[in-house]
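Subject: Handover of a structure and its findings

Dear colleague,

Please find below the structure that I am handing over to you. The findings follow directly after it.

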Amino acid sequence: MVKVGVLGATGMVGQRFIQLLDNHPDFEIAALAASSRSAGKRYEDATTWYLDTPMPDSVKGMEVIETDPAKMSKDVEIVFSSLPTDFAAKVEPAYAKDFVVASNASAMRMKKDIPLVIPEVNPQFLDMIDAQQKANDWDGFIVTNPNCSTIALTLTLKPIYDNFNINRIYVSTMQAVSGAGYNGVPSMAIVDNLVPYIGGEEEKMESESLYLLGELDGSDVKPANFSLSASCHRVAVVDGHTEAVFIELDEEADIDKIKDKMANFKGLPQELDLYSAPKNPVIVKEEDDRPQPRLDRNASGGMAATVGRVRKDNAFDNSFKYVLVGHNTIRGAAGASILNAELINKQIL
Ligand code: NAP
């Protein structure tokens, strides 16, 4: 068993890590870290558990430690990070001196030699790790996963990008409140309402998606060559981001072929049969009223993106549109880091 630690263990994403790592065949939780508010307490006393499965007995009595690499047992090999971005920027490099850091935070994404990876989309970006270790003289390294709405979108774009020529994409999101963390969106701001702004989200979607579909050239990434415009909105849904996607191709949009390519898409995690890999990363529904967050966010344990309403768009030439749902704290956060770590464990450690 590989011993792992969770940073930000008491938060929304931290709790998902603990839920998903419970009974994992290869990873065993050996350390839980959070802020000084929680350090020194038993995990069950430090945490307001919000998930709908019980807190695992194995973590209840564990002492929460400070988020300091010196306090982390050297038996730990992989550290999962769900820290606030500003703090992650300071401490993740310090952990990487000795540990593999699989991070959810945006702080280190797309920095030189630090792979931003979705294992089904761009596993080859892990080749940056050697250069990262050499440049920083680290024994460990950092690997990051994209923003929650980018992951679901890019999973569905990969089979399209590989089989058609994309000119441009518009995407409009309807994002769950859990995406902002437990204290993120006050109930008075969101009940009976919609907030048409999520700070930094549109920029992340626009840059990360092109980067993930890009080409690795030495240690540089040449982003995919199409334009993408995102408009991001917070809605009164607890978990599960919905996205309306509009795509213009260079050629006529063959809807049956597009659906077939998405439904049959598989990547390296499926080939390697990684524990958290969904059988089909993209599930295509035919019902007129799907996908819906409440009904589809948990598809394949929350690790698949569900697509529906794939249809022609008659407003533009060669265009089509669809709707997708992805679980933001599973495939969009903790599950994404764990899948990255499973791939690293299989291929690198
Ligand atoms: P959250 O619920 O607010 O949890 C934050 C966690 O970080 C808590 O464990 C908190 O510990 C800890 N923390 C806060 N300040 C700290 C400090 N100064 N030192 C050490 N630990 C500190 O946030 P979240 O939603 O889990 O998000 C965590 C990260 O994941 C963020 O970077 C976020 O952008 C990213 N992310 C979130 C999602 C999502 O869907 N929620 C998706 C993708 C990425 P205490 O309990 O002790 O305060």
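Two strands are taken to pair if DSSP finds at least two bridges between them. Helices (H or I, at least four residues) and strands (E, at least two) are DSSP runs, numbered from the N terminus. This is a predicted model, in which local features need pLDDT of at least 70 and side-chain atom pairs count only at pLDDT 80 or more, while totals for chains, interfaces and linings use all residues. Residues are numbered from 1 along each chain as its sequence is written, and side-chain values use heavy atoms, with hydrogens and water left out.

Gly 5 stands opposite Val 79 in S4.

The order S10-S7-S11-S14-S13-S12 describes another open sheet of 6 strands, whose pairing is mixed. Its edge strands, S10 (227–234) and S12 (282–284), each pair on one side only. From one strand to the next, the twist averages 25°. S7 and S10 pair in the parallel sense over 8 bridges, and Ile 169 stands opposite Leu 228 in S10.

The largest cavity

Ile 169 also belongs to the lining of the largest cavity, as do Arg 168, Tyr 170, Phe 246, Ile 247, Glu 248, Asp 313, Phe 316 and Ser 319. On a 1 Å grid over the protein atoms alone, a cavity is a set of points where a 1.4 Å probe fits but cannot get out, and a pocket is an open set with protein on both sides within 12 Å along at least five of seven lines; lining residues have an atom within 4 Å of a point. By this rule there is 1 cavity of 30 Å³ or more. The largest cavity holds about 70 Å³ of space, a volume being the space filled by probe spheres set on the points, with grid points joined across faces, edges and corners. Strands S7 (166–175) and S11 (241–249) each supply at least two residues of this lining.

The largest pocket has a volume of about 1,200 Å³. It is lined by 47 residues, of which Met 12, Ser 82, Leu 83, Pro 84 and Gly 181 are the closest to its centre. Helices H1 (12–21), H4 (85–96), H8 (201–212) and H12 (330–347) each supply at least two lining residues, and H1 gives the most, with 4 residues.

The ligand is surrounded by 27 residues (a heavy atom within 4 Å). The closest are Thr 10, Ser 35, Arg 37, Ser 38 and Leu 83. For polar contacts, the criterion is a pair of N or O atoms within 3.5 Å; within protein, one must be able to donate a hydrogen and the other to accept it, and residues adjacent in sequence count only if both atoms are side-chain atoms. A polar side-chain atom of Arg 37 lies 2.7 Å from an oxygen atom of the ligand. A backbone N or O atom of Met 12 lies 2.9 Å from an oxygen atom of the ligand, and a backbone N or O atom of Ser 178 lies 2.9 Å from a nitrogen atom of the ligand.

Yours sincerely

Definitions and conventions:
Axes are lines fitted to C-alpha atoms, for helices over the stretch in contact, and angles run from 0 to 180 degrees between N-to-C directions.
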